[in-house]
Amino acid sequence: MSEPTTALVTGANKGIGYEIAAGLGALGWSVGVGARDDQRREAAVEKLRAAGVDAFGVPLDVTDDASATAAARLIEEQAGRLDVLVNNAGITGGMPQEPTRVDPATIRTVVETNVIGVIRVTNAMMPLLRRSASPRIVNMSSSVGSLTRQSGTAGEQTTGPVAVAYAPSKTFLNAVTLQYARELSGTNILVNAGCPGFVATDLNGFRGVRTPEQGAAIAIRLATLPDDGPTGTFFEDAGVVPW
Ligand SMILES: NC(=O)c1ccc[n+]([C@@H]2O[C@H](COP(=O)([O-])OP(=O)(O)OC[C@H]3O[C@@H](n4cnc5c(N)ncnc54)[C@H](OP(=O)(O)O)[C@@H]3O)[C@@H](O)[C@H]2O)c1
């Protein structure tokens, strides 16, 4: 029997991340449940296992170098390699975020998690991803980071409220996604960004209109791209999201 495909989903204890883990688990994959809180992580692992998923807990705070290094070590011991990394963990930093009133500390905190956290975890996992036959990196972005959609007429703007920390953090993440795709072009590693749509989760006080399962679909699609699939793209369920 061949080894199962192994994935790591960051921020997988709840919301969209949990459903990404469930969806990848339903494919028969072994899924690392990345989460910073011990109790929330173990509860999610138990729930996934009860649903038949081959889940294992991965203590991971994406803002912490030592935590990312330890997570890579754990996955190396568990699986010896990593096939798919889904960088899902994210925060808004709290609303409102009006540019003229924002506390610069909010910007720093959001970028540390949503952007630097992705770079930190990706680079910690890179040696394990390079051992995979078909490595995939999926970054959970948001269409609120689309400059095209933000700069449209008011009627075209489907990008949420003015939010000077959260929205630009996703623009930054999109640019980072492209930089990785450019460096890794010519390798078998595909790096893409996805937007889940407006999903009812803790992130927005459950005001979203889609279910977490619906929000997870784009990440699952990008995690399961064929070897000749795209890299350096930004997709939502309906198709390409303009940068
Ligand atoms: N919901 C939407 O409408 C929407 C739209 C577009 C994009 N997104 C993106 O989708 C992703 C998932 O969001 P969600 O809606 O599912 O939000 P959520 O329910 O609030 O879940 C966020 C997850 O990220 C984790 N997290 C936050 N900071 C972390 C850190 N430093 N280290 C490790 N984990 C951390 C949280 O863990 P704790 O439980 O420990 O806090 C939680 O598991 C985010 O990147 C978000 O920006 C969401």
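Just after helix α2, G52 adopts a positive phi of about 95°. This residue belongs to a predicted model, in which local features need pLDDT of at least 70 and side-chain atom pairs count only at pLDDT 80 or more, whereas totals for chains, interfaces and linings use all residues. Residues are numbered from 1 along each chain as its sequence is written.

Helix α2 itself covers residues 38-50, and its 13 residues reach 18 Å from the first C-alpha to the last, close to the 18 Å expected at 1.5 Å a residue (the expected span being 1.5 Å times one less than the number of residues). A44, V45 and L48 of α2 are buried, a residue being buried if 20 or more other C-beta atoms, placed from the backbone, lie within 10 Å of its own, exposed if 12 or fewer, and partly exposed in between. Seen down the axis of α2, the buried residues fall within an arc of 100°, and they therefore line one face of the helix; the arc is that of the directions from the helix axis to the C-beta atoms. D38, Q39 and A50 are exposed on the other side of α2. The cover over the buried residues of α2 includes α1, β2 (30-35) and β3 (54-59).

Overall, the secondary structure of the chain amounts to 7 helices and 8 strands, where helices (H or I, at least four residues) and strands (E, at least two) are DSSP runs numbered from the N terminus. The C-alpha trace spans about 55 × 40 × 30 Å along its principal axes. Of the 243 residues, 47% count as buried. Among contacts between residues at least 6 apart in sequence, 67% join residues at least 24 apart, two residues being in contact if their C-beta atoms, placed from the backbone, lie within 7 Å.

Helix α7 (residues 212-223) has 12 residues and reaches 17 Å from its first C-alpha to its last, close to the expected 16 Å. Its buried residues are G215, A216, A217, I218, A219, I220, L222 and A223. Among the elements that cover the buried residues of α7 are β1 (6-9), α1, β4 (84-87), β5 (136-140), β6 (190-194) and β7 (234-236).

The ligand is surrounded by 31 residues, of which the closest are G11, G15, G90, S142 and T201; a residue is near a molecule if its C-beta atom, placed from the backbone, lies within 6 Å of it. Helix α1 (residues 15-25) supplies the largest share of this shell, 3 residues.

T10 is located in the loop between β1 and α1 and counts as buried, with 31 C-beta neighbours inside 10 Å. Although T10 and G34 are 24 residues apart in sequence, their C-alpha atoms are 4.4 Å apart in space. Beyond its neighbours within four places in sequence, T10 is in contact with residues including G17, L60, V86 and V121.

Two further backbone features occur in loops. A cis peptide bond, with omega about 0°, joins M95 and P96, and P96 is found between β4 and α4 (104-129). F206, in the loop between β6 and α7, has a positive phi of about 60° although it is not a glycine. F206 is exposed, with 10 other C-beta atoms within 10 Å. Most residues other than glycine have a negative phi, and most peptide bonds are trans.
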